[in-house]
Amino acid sequence: MKSKNKPPMTASERAHVGRLAALDICVVCDERGPAEIHEPEQGMWHIAIPLCTACHRGPDGWHGTRRRWVFRKMTELKAINKAAMLLETA
């Protein structure tokens, strides 16, 4: 859902989000497939995280109970770091 108060993405942010989506992997469970891009703080696209639907919006995902994250001992900071490392090697 888009917030009406959220500024539009810059060209740099769009490019970064595109690179994350192109990784085609969830940084929490390593599942392949289309990634949803999660922004830890509204408008902070340069620290966004690629996630599968289950780890993002599923009942046990970030916007649910977060059990998928807890089970894998994953935090947002660790996920941001893993995404950065994946981009570096891509």
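Modeller: Accessible areas here come from the Shrake-Rupley method with a 1.4 Å probe, and for residues only the protein chains shown count as cover. On that basis the chain exposes about 5900 Å², and carbon and sulfur atoms supply 57% of it. This is a predicted model, in which local features need pLDDT of at least 70 and side-chain atom pairs count only at pLDDT 80 or more, while totals for chains, interfaces and linings use all residues. Residues are numbered from 1 along each chain as its sequence is written, and side-chain values use heavy atoms, with hydrogens and water left out.

Biologist: How do you know which helices and strands the chain has?

Modeller: Helices are DSSP runs of H or I with at least four residues, strands are runs of E with at least two, and both are numbered from the N terminus. The chain has 4 helices and 2 strands. Along the sequence they give the pattern α-β-β-α-α-α.

Biologist: What makes the radius of gyration of the chain agree with a compact globule?

Modeller: The radius is taken over C-alpha atoms, and the rule is 2.2 Å times the number of residues to the power 0.38. For 90 residues a compact globule would be near 12 Å; the chain has 13 Å, so the two agree. The C-alpha atoms fill a box of roughly 35 × 35 × 20 Å along the principal axes.

Biologist: Is His16 buried or exposed, and why?

Modeller: Buried is under 20% relative accessible area, exposed is over 50%, and partly exposed lies in between (1.4 Å probe, protein chains only). His16 has 10%, so His16 is buried. The residue is in helix 1, residues 11–23. Across the chain, 38% of the 90 residues count as buried.

Biologist: What makes the pair of His16 and His46 a polar contact?

Modeller: A polar contact is a pair of N or O atoms within 3.5 Å; within protein, one must be able to donate a hydrogen and the other to accept it, and residues adjacent in sequence count only if both atoms are side-chain atoms. The backbone oxygen of His46 lies 3.4 Å from a polar atom of the His16 side chain. That distance is within the limit.

Biologist: Which residues does His16 touch beyond its sequence neighbours?

Modeller: Contact means heavy atoms within 4.5 Å. Not counting residues up to four places away, His16 touches Trp45, His46 and Leu87. Over the chain, 46% of the contacts with a separation of 6 or more join residues 24 or more positions apart.

Biologist: Why is Cys55 called buried?

Modeller: Its relative accessible area is 0%, so Cys55 falls under the cut-off. Cys55 lies in helix 2, residues 53–56. Outside four places in sequence, Cys55 contacts Cys26, Val28, Cys29, Gly61, Trp62, Arg68 and Trp69. Cys55 and Cys26 are 29 residues apart along the chain, and their C-alpha atoms are separated by 7.8 Å.

Biologist: And why is Gly33 called buried?

Modeller: Gly33 has 17%, which is under 20%, so the label holds. Gly33 sits in the loop between helix 1 and strand 1 (36–38). Among residues beyond four places away, Gly33 contacts Asp24 and Ile25.

Biologist: Where is Lys73, and is Lys73 buried or exposed?

Modeller: Lys73 lies in the loop between helix 3 and helix 4 (76–89). Its 65% is over 50%, so Lys73 is exposed.

Biologist: How do you know how far apart the mean positions of the charges are?

Modeller: Lys and Arg count as positive, Asp and Glu as negative, and His and the chain ends are not counted. Each charge is placed at NZ of Lys, CZ of Arg, CG of Asp or CD of Glu. The mean positions of the 14 positive and 10 negative charges are 3 Å apart.
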